[in-house]
Amino acid sequence: MTPCKRKCWQCGNIAMHEDNIVPHVNCKKCGSQDTRLIREKPGKPSHAGHYWALWLTASPGTHEGDQLTPAPEWEVVQVWENFIGDPCEADGVDESERWGVSVAGVRETQWLENFKWGAFIPEPFTH
Ligand SMILES: [Zn+2]
């Protein structure tokens with residue numbers, strides 16, 4: 001069993017598939033076998049956790065955001081999932097609002113677009 005997200009090149013439907021072999025690869029909408037694995041977008045977090053990031057811009061309303069950004073150095077930030085629901089439904093969600101980002105010492109939520117992204121830091125991470 002290799003669950004994966006696939007996109008149908010016939011009808012454009014995106015769905016989670018239970019495995020990567022026939023018949024599981026068949027499009028759940030139109031039945032086409034021409035579905036392809038969706039690769040995670042490079043350079044942006046695709047799951048929750050800690051990442052190295054360079055804070056470039058502050059989200060609207062961030063206290064002293066103008067002075068805090070652009071940050072002089074890379075720092076560790078925490079990414080958390082802002083979208084709660086079926087992962088399949090998350091495909092239609094605006095990616096900029098799917099993930100929230102917490103910067104140490106900053107109360108306001110930041111978003112993926114506010115950063116340049118670096119490496120994921122495996123748990124456990126302690127400050
Ligand atoms: Zn299809």
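The structure is a predicted model, in which local features require pLDDT of at least 70 and side-chain atom pairs count only at pLDDT 80 or more, whereas totals for chains, interfaces and linings use all residues. Residues are numbered from 1 along each chain as its sequence is written. The chain contains two helices and eight strands, where helices (H or I, at least four residues) and strands (E, at least two) are DSSP runs numbered from the N terminus. Their sequence order is β-β-β-β-α-β-α-β-β-β.

- The mean pLDDT of the chain is 86, and 83% of the residues score at least 70; pLDDT is the predictor's confidence in each residue, from 0 to 100.
- Among the elements of the chain, helix α1 (residues 65-68) has the highest mean pLDDT, 96, and helix α2 (residues 95-98) has the lowest, 71.
- Of the 127 residues, 15% count as buried. A residue is buried if 20 or more other C-beta atoms lie within 10 Å of its own, exposed if 12 or fewer, and partly exposed in between, with C-beta atoms placed from the backbone.
- Among the contacts in the chain with a separation of 6 or more, 50% are between residues 24 or more positions apart. Two residues are in contact if their C-beta atoms, placed from the backbone, lie within 7 Å.

**Three-stranded sheet**

- Three strands form an open sheet in the order β2-β1-β3, with antiparallel pairing; two strands pair if DSSP finds at least two bridges between them.
- Strands β2 (14-17) and β3 (35-37) are at the edges and have a single partner strand each, so one side of each lacks a neighbour in the sheet.
- On average, neighbouring strands of this sheet are turned by 40° against each other, direction ignored. The axes are lines fitted to C-alpha atoms, for helices over the stretch in contact, and angles run from 0 to 180 degrees between N-to-C directions.
- Strand β1 (residues 4-8) runs antiparallel to β2 and is joined to β2 by four bridges. Cys4 stands opposite His17 in β2, and Lys5 stands opposite Met16 in β2.
- A hairpin is formed by β1 and β2, with five residues between them. Gly12 in the turn has a positive phi of about 85°.

**Five-stranded sheet**

- A second open sheet has the strand order β7-β6-β5-β4-β8, with antiparallel pairing.
- The edge strands are β7 (110-111) and β8 (115-121), each with a single partner strand, so one side of each is left without a neighbour in the sheet.
- Five bridges link β4 and β5 in the antiparallel sense, and Tyr51 stands opposite Val77 in β5.

**Nonpolar core**

- The largest nonpolar core has 10 residues: Tyr51, Ala53, Trp55, Val77, Val79, Trp99, Val101, Val103, Leu112 and Phe115. A nonpolar core is a set of buried Ala, Val, Leu, Ile, Met, Phe, Trp, Tyr and Cys residues joined through C-beta atoms within 7 Å.
- At least two residues of this core come from each of β4 (49-55), β5 (75-81) and β6 (99-102). Strand β4 supplies the largest share, three residues.
- Apart from residues up to four places away in sequence, Val77 touches Tyr51, Ala53, Val101, Ser102 and Val103.
- Trp55, in strand β4, counts as buried because 23 C-beta neighbours lie inside 10 Å. Beyond four places in sequence, the contacts of Trp55 include Thr69, Pro70, Glu75, Val103 and Phe115.
- Trp55 and Val77 are 22 residues apart along the chain, and their C-alpha atoms are separated by 9.2 Å.

- Most residues other than glycine have a negative phi, and most peptide bonds are trans.
- The peptide bond joining Val22 and Pro23 is cis, with omega of about 5°; Pro23 is in the loop between β2 and β3.
- A cis peptide bond also runs from Thr69 to Pro70, with omega near -5°. Pro70 lies in the loop between α1 and β5, where Thr69 is also found.
- Thr69 counts as partly exposed because 19 C-beta neighbours lie inside 10 Å. Apart from residues up to four places away in sequence, Thr69 touches Trp55, Leu56, Thr57 and Ala58.
- The C-alpha atoms of Thr69 and Ala58 are separated by 6.3 Å, with the two residues 11 apart along the chain.
- Glu64, in the loop between β4 and α1, has a positive phi near 55°. Glu64 is exposed, with 9 other C-beta atoms within 10 Å.
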